[in-house]
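Here is a short tour of one protein chain, written to be read with the structure open beside you.

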Amino acid sequence: MLSFSTITQAVQELVAERYPETPIYMNRVPVEFDRPSFLVELGPVEMLDASYACLELKVTVVVTAFVEADDYHNSHVPDLMQRMAVVQELFAVEGLRVEDRVLHVIANKGNCQFDYAEASVTFQYQDDRPGGEDWPLMGEVNVNMKGES
């Protein structure tokens with residue numbers, strides 16, 4: 001099964017390609033963090049039944065953009081909007097390559113505040129159900145057929 005940290009790492013690498021000189025934090029930002037910077041973190045994860053051995057997953061990764069802020073923690077909103085738009089454009093594609101797979105992008109939502117901007121990207125894919133390799137194989141099958149001979 002694909003790990004969620006592998007997915008967030010792939011998102012971080014894509015953002016780093018576009019902004020190579022900008023710090024990108026994973027999962028949390030330290031006190032007195034650098035600005036401008038990004039934060040990449042896992043958002044909601046939805047697991048749905050696809051078959052007896054397969055799950056349908058919808059994994060959201062949130063990319064938060066920070067730019068310089070004043071003493072009241074207000075940033076230049078047009079700069080935030082521009083960074084949010086660029087991040088959303090990175091994911092305005094059919095999928096994200098993660099290891100040997102391409103995860104389908106099904107949602108790409110932006111949200112701009114006075115201090116930060118977020119892009120929430122949701123990926124959808126199918127993966128093996130955990131524990132399926134331990135299930136016993138079918139043993140004996142009895143079939144009763146009714147009908148004319």
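## Strands side by side

Strand 5 and strand 6 run antiparallel to each other and are paired over eight bridges. Keep in mind as you look around that this is a predicted model. These two strands make a hairpin, with four residues between them. For a landmark in this pairing, find Gly 110, whose bridge partner in strand 6 is Ala 119.

Strand 6, covering residues 117-128, also pairs with strand 3, again in the antiparallel sense, and 12 bridges join the two.

| Strand pair | Direction | Bridges |
|---|---|---|
| Strand 3 and strand 6 | antiparallel | 12 bridges |
| Strand 5 and strand 6 | antiparallel | eight bridges |

## The whole chain

Stepping back, the chain has two helices and six strands. Read from the N terminus, the elements follow the order α-β-β-β-α-β-β-β. The radius of gyration is 22 Å, well over the 15 Å that the globule rule gives for 149 residues, so the chain is more spread out than a compact globule. Along the principal axes, the C-alpha trace spans about 85 × 30 × 25 Å.

Of the 149 residues in the chain, 34% count as buried. The chain exposes about 9,700 Å², and carbon and sulfur atoms supply 50% of that area. Among contacts with a separation of 6 or more, 59% come from residues 24 or more positions apart.

On the charge side, the chain carries 10 positive and 25 negative side chains. The centres of these two sets lie 4 Å apart.

## Backbone details in the loops

Now zoom in on the loop between strand 1 and strand 2, where Glu 32 lies. Glu 32 has a positive phi of about 60°, although it is not a glycine. Is the residue buried or exposed? Glu 32 is exposed, with a relative accessible area of 74%.

Pro 36 is found in the loop between strand 1 (24-26) and strand 2 as well. The peptide bond joining Arg 35 and Pro 36 is cis, with omega at about 0°.

Another loop worth a visit is the one between strand 4 (95-98) and strand 5 (101-112), where you will find Glu 99. Glu 99 is not a glycine, yet its phi is positive, at about 55°. Glu 99 is exposed, with a relative accessible area of 57%.

Methods. Residues numbered from 1 in each chain as written. Predicted model: local features only at pLDDT ≥ 70, side-chain atom pairs only at ≥ 80, totals over all residues. Heavy atoms only, no water. Pairing = 2+ DSSP bridges. Rg over C-alpha atoms; globule rule 2.2 N^0.38 Å. Buried < 20%, exposed > 50% of the residue type's maximum accessible area, 1.4 Å probe, protein only. Contact = heavy atoms within 4.5 Å. Areas by Shrake-Rupley, 256 points an atom, 1.4 Å probe, with all protein chains shown as cover. Lys, Arg positive; Asp, Glu negative; His and termini not counted. Charge placed at Lys NZ, Arg CZ, Asp CG, Glu CD.
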